[in-house]
Amino acid sequence: MTTPAKKIAINNSGGYLPGLNSVLLGVLRTAAHLNWDVVGIRDGFDGILFPERYSGDGLVQLSLELVETVLPSGTPLLGTASSSDPYHVRTLTAENQVEEIDKSDELLRKLQDHNISAVISVGGMQPLSILLKLQRKGLNGICVPASVENDVAATQLSFGFNSTLSCVVDLLENARHAAQSSRKIGVVEVLGEHTGWLALQAGIAVGADAVLLPEIPYDLRKVAKKLRSKFASGQQYALVVAAEGARCSSHSEPGPTAIAHASLKASLSPLATRAASAHVIQRSGHLAEALALELQRLTDQQTYPLSLGQLIKGGAPTAVDRQLGVAYGAAAVRAIRENQRGVLVSFQPPKVKFVPLSEAINKIRTIPPNSLFIETARSLGICLGD
Amino acid sequence: MKPVDPQNPTGLVLNIQHFCTHDGPGMRTTVFLKGCSLRCKWCSNPESIHPKPELAYDNKKCIGKKQCGFCLKPPFPENAFYVIDGPDDRVHVNWDLASECGQDCASICPTGAIYLFGQKMTVDQVLDEVDQDSSFYRESGGGITLSGGECLLQPDFAAALLKGAHERGIDTTIETACNVPWRFVEQVLPHVDTMLHDHKLTDPVRYRKWTGVDNSRILENFKKAYEAFPNTRFIARTPLIPGVNDDEAHIRSVLAFIRPYKNVIDYELLPYHRFGESKYSFLGRIYEMEDFHAPTEESLAHLRAIIDEQFGRKRAS
């Protein structure tokens with residue numbers, strides 16, 4: 001057996017997405033051609049920082065045979081890491097006190113001890129920033145962009161979005177049938193704090209009556225007018241899809257925060273007065289509740305709120321995501337071979353390019369006003385609330 | 001660095017809240033100290049956890065890049081703040097890159113959208129502010145309450161503050177979970193009239209799951225405190241979290257623990273609330289209890305009835 005020319009690692013530094021194993025397949029097949037050794041780090045960076053937590057080891061020796069036997073839709077081989085941050089590792093001290101410790105130096109040292117020369121990290125906006133910080137300390141980190149909201153601006157299509165979109169379409173279809181059979185207005189909230197790609201594309205796919213987006217402040221009276229006219233024409237149901245970050249154009253209308261803290265008072269907690277807490281990011285479902293209540297007032301039709309929440313992160317990967325995952329994995333290995341350091345693998349049709357991490361952070365891929373999807377929605381008569 | 005004056009030590013104070021009615025007997029002024037040794041998932045004061053001044057951001061106060069934009073330039077760390085393309089030009093925080101920000105950054109923000117939680121204060125500074133409410137204390141039987149965070153993690157400051165309060169004739173109470181070395185408890189308790197202390201969970205494994213540490217040292221501290229300070233009033237408390245500790249077995253086990261001690265004069269249940277949820281976003285943290293709700297009135301009444309029975313009293317319905 002020949003000595004591997006290079007040893008690299010791969011981890012999932014974000015949450016669960018359908019088809020994460022496809023990226024592994026792309027990495028392994030490309031690395032095999034180069035005679036590179038590939039290890040997987042379990043649960044973000046936990047596998048290397050805390051090997052004692054795992055039966056066997058926190059590192060998984062990956063082989064083509066192993067990866068090819070794992071179903072793309074199966075449980076991610078390397079786990080997930082929705083809150084893995086080597087700069088703030090919760091630790092119990094000798095004094096029995098919980099503290100958040102910076103273990104980034106330890107992480108880099110351990111990677112060096114294992115002769116790992118580069119890490120391919122699959123993740124979205126937060127892992128991207130952490131990878132940049134680690135890169136500034138000397139790690140060669142290559143990011144494969146993954147996001148259910150498709151909000152990473154440096155790439156046209158984040159891994160995981162297409163599967164999530166497919167899942168949302170299925171669930172919205174069910175919600176539409178429920179609205180039809182119960183003769184109500186279904187108000188469905190989907191993920192999308194800063195951008196409404198999921199809401200817009202899924203809303204178009206199922207023929208929603210209105211779609212509310214963070215990019216376009218809405219006037220609920222206009223939405224109600226559209227719904228009233230639909231009921232007046234004899235159709236006894238409607239479907240409204242709202243991204244969780246959608247905002248009303250006027251403060252006099254209900255926004256996502258309108259009902260959330262109505263009963264709160266702060267006798268025990270400093271700075272938790274109603275005024276101070278009124279703007280906060282809401283937990284999933286509050287927007288749907290607020291919108292459904294107000295639309296019921298404005299239309300005199302019964303409404304039902306529904307939040308898809310984390311449900312949309314399940315399901316099987318689509319063919320698009322399986323291809324994209326494999327392609328991203330292969331491109332990440334190519335980036336290392338081409339001596340790229342600290343880059344994000346970016347799909348910019350028809351090419352895959354490499355974007356420096358420093359240029360990829362802090363940019364959200366929002367829907368431009370002249371987007372084809374916006375034009376399509378308008379031509380279909382979907383009310384965008386403006 | 002300025003040397004610490006042993007006669008007037010400084011502490012890291014999060015907030016001083018006046019006219020509190022739930023933090024001990026009578027009308028009280030509660031001084032929240034910063035720093036905690038637990039990580040309760042339901043924590044309603046997340047800004048009190050870290051033992052250092054901490055950057056926070058209230059985007060409602062931001063007037064946007066066009067009108068201001070100071071935070072997008074040095075000395076703010078590169079990429080710590082940014083604006084998203086779109087109709088809203090208010091600033092967003094990249095919490096992973098903003099962590100090194102300090103007082104300098106906070107003072108540059110003209111609208112106060114960027115600010116710091118926690119400031120150094122001397123014992124005299126705190127007591128002078130607390131003393132402003134002294135007439136209310138006399139009328140209501142109130143005084144000063146030290147809370148947190150974990151106030152016993154700053155034992156020198158806490159002891160000096162409470163001693164100073166006594167010297168000014170002010171009644172003293174502390175709120176503590178007691179997850180500290182015994183020497184800290186021993187140092188502070190001589191200056192305490194009433195100690196409100198948390199029995200969050202009984203089982204050590206479950207205690208660790210929900211708070212990050214097991215409770216063996218905590219229970220040991222409680223017992224030692226009950227025995228070593230017979231003239232101090234102790235009031236046990238449980239923050240009641242549905243699905244975590246709102247079961248009868250937990251309440252009964254706490255009662256079994258405290259009832260042998262006559263100086264434990266009461267056991268209170270504090271129904272879980274979501275007041276702290278908003279502050280997690282100020283700090284760029286995730287609120288882990290988003291799917292939890294307050295306990296029902298029925299469940300609360302049932303558990304309180306068990307306590308009342310043990311203390312031999314009837315509650316007005």
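The entries start with conventions, then take up the helix pair and then the chain.

I am working from a predicted model, in which local features need pLDDT of at least 70 and side-chain atom pairs count only at pLDDT 80 or more, while totals for chains, interfaces and linings use all residues. Residues are numbered from 1 along each chain as its sequence is written, and chains are lettered from A and ligands numbered from 1 in the order in which they are written.

**Helix pair, chain A.** I looked up helix 8 (residues 220-232) of chain A against helix 10 (residues 286-299) of chain A, and found them packed at an angle of about 60 degrees with axes 9 Å apart. That makes the two helices of chain A oblique to each other (under 35 degrees is roughly parallel, over 145 roughly antiparallel, 65 to 115 roughly perpendicular, and the rest oblique). For the contact (C-beta atoms, placed from the backbone, within 7 Å), I noted residues of helix 8 including L220(A), V223(A) and L227(A), which face a set in helix 10 that includes L295(A) and L298(A). The residues of this contact divide into 6 nonpolar, 1 polar and 3 charged (Ala, Val, Leu, Ile, Met, Phe, Trp, Tyr, Cys and Pro are nonpolar, Asp, Glu, Lys and Arg charged, the others, Gly among them, polar).

**Chain B overall.** I recorded 10 helices and 12 strands in chain B (DSSP runs, H or I of at least four residues for helices and E of at least two for strands). The C-alpha atoms of chain B fill a box of roughly 65 × 45 × 35 Å along the principal axes.

Terms used:
Axes fitted to C-alpha atoms, helices over the stretch in contact; angles between N-to-C directions. Contact = placed C-beta atoms within 7 Å.
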